[in-house]
Amino acid sequence: MDKQFKTLDDFLGTHFIYTYDNGWEYEWYAKNDHTVDYRIHGGMVAGRWVTDQTANIVMLTAGIYKVAWTEPTGTDVALDFLPNDHKVNGTIFFPKWVQDHPEITVTYQNEHLDVMHAAREKYATYPKLVVPEFATITYMGNAGQDNNEVISEAPYATLPDDIRAGQYFDADYRRLNH
């Protein structure tokens, strides 16, 4: 995808894969003006995936976007996207319990909200593990808004490479491997 991002509408409906400087790889989709979906392919919670996460999504200035949300785990996330420069700056605020028990979160969160809430109540929240990192965007695709096929299955080892190689979605951004 080779477009210039200028407006909020340019950003909404975009599907990204990016790798943080610490090596963690994330896949993220701006589903609409208030919702994001994502899969985590590398890092301490690799294997986690979430759909329909409510988020605050704004354009700071032409081509620069801020997205922030709080997860049911108690994790706070703030991302700054500079897609024209293929860069992301992210800060993740992991509660102590996620740092100590990341395996609890490595699932399709939407089907285990009760588990996330219970862990958040059972284990320590503070001190939070703050992870501020820059990332390089390695893929951008125009999935369109509210496309439920973008993040619709658990992450697997070659998924980001399959997407980057054009082997995962068809021309209409529908999954090839139904």
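**Entry 1**

I looked up what stands opposite Ile-92, and I found Val-131 in E9. This is a predicted model, where local features need pLDDT of at least 70 and side-chain atom pairs count only at pLDDT 80 or more, while totals for chains, interfaces and linings use all residues. Residues are numbered from 1 along each chain as its sequence is written, and side-chain values use heavy atoms, with hydrogens and water left out.

E8 pairs with strand E9 (residues 129–142) in the antiparallel sense, over 8 bridges. I noted what the words mean: strands (E, at least two residues) and helices (H or I, at least four) are DSSP runs numbered from the N terminus, and two strands pair if DSSP finds at least two bridges between them.

Then I checked E8 (residues 87–94) against strand E7 (residues 76–82), and they pair in the antiparallel sense over 7 bridges. Here Asp-80 stands opposite Asn-89 in E8. E7 and E8 form a hairpin with 4 residues between them. In the turn I found His-86, with a positive phi of about 60°.

**Entry 2**

In what order do the 9 strands of the open sheet run? I read E4-E3-E2-E1-E9-E8-E7-E6-E5, with antiparallel pairing. Strand E4 (49–54) and strand E5 (56–61) are the edge strands, and each pairs on one side only. On average, neighbouring strands of this sheet are turned by 25° against each other, direction ignored. For that angle, axes are lines fitted to C-alpha atoms (for helices over the stretch in contact), and angles run from 0 to 180 degrees between N-to-C directions.

While at E4, I looked at Asp-52, which lies in that strand. Its phi is near 60°, a positive value in a residue other than glycine. Asp-52 counts as partly exposed because its relative accessibility is 46%, and the scale goes like this: buried is under 20% relative accessible area, exposed is over 50%, partly exposed is in between (1.4 Å probe, protein chains only).

Is His-15 buried or exposed? It is buried, because its relative accessible area is 0%. I found His-15 in strand E1 (residues 14–20). Its side chain makes a polar contact with the side chain of Glu-27 (2.7 Å). Another polar contact, of 2.5 Å, joins the side chains of His-15 and Tyr-173. A polar contact is a pair of N or O atoms within 3.5 Å; within protein, one must be able to donate a hydrogen and the other to accept it, and residues adjacent in sequence count only if both atoms are side-chain atoms.

Tyr-173 counts as buried because its relative accessibility is 7%. Phi of Tyr-173 is near 60°, a positive value in a residue other than glycine.

**Entry 1: loops**

I found Glu-111 in the loop between helix H2 (96–100) and helix H3 (113–122). Glu-111 counts as exposed because its relative accessibility is 57%. From Glu-111 to Val-50 I read 61 residues in sequence and 9.4 Å in space, C-alpha to C-alpha.

Where is Pro-127? I located Pro-127 in the loop between H3 and E9. A cis peptide bond joins Tyr-126 and Pro-127, with omega about 0°.
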